[in-house]
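I opened this entry to keep a record of what I looked up, topic by topic, with the cut-offs written beside the terms.

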Amino acid sequence: MAVKLSTRDEQLLNGQHGKAARMAMRILVRMAEVQGAPEMMDVSQAHIDGCGLLSETGLEFAETLAAKGGKVSIPTTLNMGPLDLQDWKRFGVDEGFAAKAIRQAKAYTDMGCIPTWTCAPYQSYLTPRFGQQIAWGESNAICYANSVLGARTNRYGDFIDICAAITGRVPKCGLHLKQNRKGQILLRLIDIEPATRRNNAFFAILGHLIGSLAEDKIPVIEGLPINVSSDQLKALCAAAASSGEVALFHAVGVTPEANTLEEAFHGGKPQRIIDIHLSDLQRSEADLSTAREGDKLDLIVLGCPHFSFDEFRELATLIRAKTEKGETLHPDVEFVVISSQTSYALLQRSDFLGVLTDFGIEITLDTCIFHTPMVSPDTKVIMTNSGKCAYYAPGQLGVRVAFGSMAKCVDSAVEGCVCRKEMIG
Amino acid sequence: MTKRFLVGRVVVAGSAQGIALVSKEPLSFWGGLSPNTGEIIDRRHERSGANVSGRIFVFPRGKGSSTSSATLMESIKNGIAPAAIVNLKVDPILALGSIVSDELYNRSIPIVVLDEQDFYSIKEDDYLSVEPDGKVSVSIKPTAK
């Protein structure tokens, strides 16, 4: 099926806007054919995920586009990169790796991308508005942008993101179109106490469960607390987009396209109704951990997705309570928090930074433990409050993982072993 | 050996032959597949430990990370990618990995989507041949007596 192209699309494809735009447009038009899109459409903002992983192919792709004179035509933010750009030497990163990571970063900033370097761009800079057509990569950010902000993006993979940023065009299909955003299945939270629903760990556990229940459908959640915070929704999105492929969910009374159940389903009926009981959440919680209670702990990782200022504040409160009792970080445990320059700038203007660093917490910015080689090969057991990190760590890092709330992570940091009993219930 | 023909939808055109590696579960290629060895490394996946390299990888669809396109492209460059992918649903992120690899290196792997009945008719170790027009021929592994 031929994709209908505008005059400008044709010019982009002919190379009239440069060689990089030509290559970008070729990829976009091939993807429009794959997706069955009848034509292309404008987007007004992009978020690049392709800058995150350092691979030979990813570096070559970015440098090829930059060498061909590629420049973004719309405001474009960058996901976390493969390196803490300011402070990588502190984390024992190999110099050869760092040199390539810096080249990759330069290729993207040379093309005009904004050096945000964060996987939580919706808490950083240039937050998209309701209904805005955008091209975002990074699975958790895609889910957040669509669901929580009501902006419209498909799941853009690495490399098409920069193509969209250069041309300002994407295939017109999928979640860009209102009719494809209606809820398909209904998930009802049944016998779950309000206190449980306020527990921060609840959101990652629920997200992990929803990812596996929703399959390729758009879920509508009934029963989320209406005062849910941005960080809690962030945790839900990250987990649901890891155990599953959730790019959009609605939460009745919480998210902007679901003021009512009827609105969430565009006046239609759910294809399926699934009731979520406390026992389902308990199973989901158990599934997030591969390490056992009492296992000796090597590393705690918080900030997947990147820590916000509010999360730093919550952590500092927990740490202060420990230090006031004379409790300290166990000498065998490394404690790392990952964040963005934006959140860190706020942290530096608060009293919390000293509380955290005095306890022995290392803060790393711009990157991710999965993409920068900072986890020592001796690391056997890690603990995290992130459903996403817990999902990927066993395969990606070859470690056993314990999932626990932030408070349980802090308890375990002091004990030197996994202490996470009875979080939900 | 009996042989039958399935008609699929071309996602990325190409031809390939190989032995089917079948899963009923979706997979995130990033975090789920090693681009250096071809091993399925998602420790929660039913085929964790299996190696897709040179096989026709039959699984319903991708999930998870938007970096999966980069993982697929890296695995093609490293020569350890599946020979072809057969899905139940078009996954734009996997298609992208093969298409960008084609644009950059002139190397891609075919991706075909089958309807439900045909998809589930393929069994582990069947010998598959994927054609550029989306046809998939299946030679059924003789059952041991």
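I call a residue buried if 20 or more other C-beta atoms lie within 10 Å of its own, exposed if 12 or fewer do, and partly exposed in between, with the C-beta atoms placed from the backbone. The model is predicted, so I note that local features need pLDDT of at least 70 and side-chain atom pairs count only at pLDDT 80 or more, while totals for chains, interfaces and linings use all residues. Residues are numbered from 1 along each chain as its sequence is written, and chains are lettered from A and ligands numbered from 1 in the order in which they are written.

**Helix H12(A)**

I took helices (H or I, at least four residues) and strands (E, at least two) as DSSP runs numbered from the N terminus. H12(A), residues 309–324, has 16 residues and reaches 22 Å from first to last C-alpha, close to the 22 Å expected at 1.5 Å a residue, the expected span being 1.5 Å times one less than the number of residues. Which residues of H12(A) are buried? I found Glu311(A), Phe312(A), Leu315(A), Ala316(A) and Ile319(A). They lie on the same side of H12(A) because they cover an arc of only 135° around the axis, the arc being that of the directions from the helix axis to the C-beta atoms. The face turned away from this buried side carries the exposed residues Ala321(A) and Glu324(A).

After H12(A) comes Gly326(A), whose phi is positive, near 80°.

**Strand E14(A)**

Both faces of E14(A), residues 400–403, are covered, with Arg400(A) and Ala402(A) buried on one side and Val401(A) and Phe403(A) buried on the other. E13(A), residues 381–384, runs parallel to E14(A) and is joined to it by 4 bridges, where pairing requires that DSSP finds at least two bridges between two strands. From E13(A) the chain crosses through helix H15(A), residues 387–397, to E14(A) in a right-handed β-α-β crossover; right-handed here is the case in which, with the strands pointing away from the viewer, the path from the first strand over the helix to the second runs clockwise.

**Domains 2 and 3 of chain A**

The domain assignment of chain A gives domain 1 (7–174), domain 2 (182–287) and domain 3 (299–415), such bounds coming from an automatic or database domain assignment. The centres of domain 2 and domain 3 of chain A, taken over C-alpha atoms, are separated by 26 Å. Their contact takes 15 residues from domain 2 and 14 residues from domain 3. On the domain 2 side that touches domain 3, the largest share, 7 residues, comes from H9(A).

**Phe249(A)**

Where does Phe249(A) lie? I placed Phe249(A) in the loop between H9 and strand E8 (250–251) of chain A. Phe249(A) counts as buried because it has 32 C-beta neighbours inside 10 Å. Not counting residues up to four places away in sequence, Phe249(A) touches Ser147(A), Ile210(A), Ile218(A), Pro219(A), Ile221(A) and Ala240(A). Phe249(A) and Cys143(A) are 106 residues apart in sequence, yet 7.5 Å apart in space, C-alpha to C-alpha.

Definitions and conventions:
Two residues are in contact if their C-beta atoms, placed from the backbone, lie within 7 Å.
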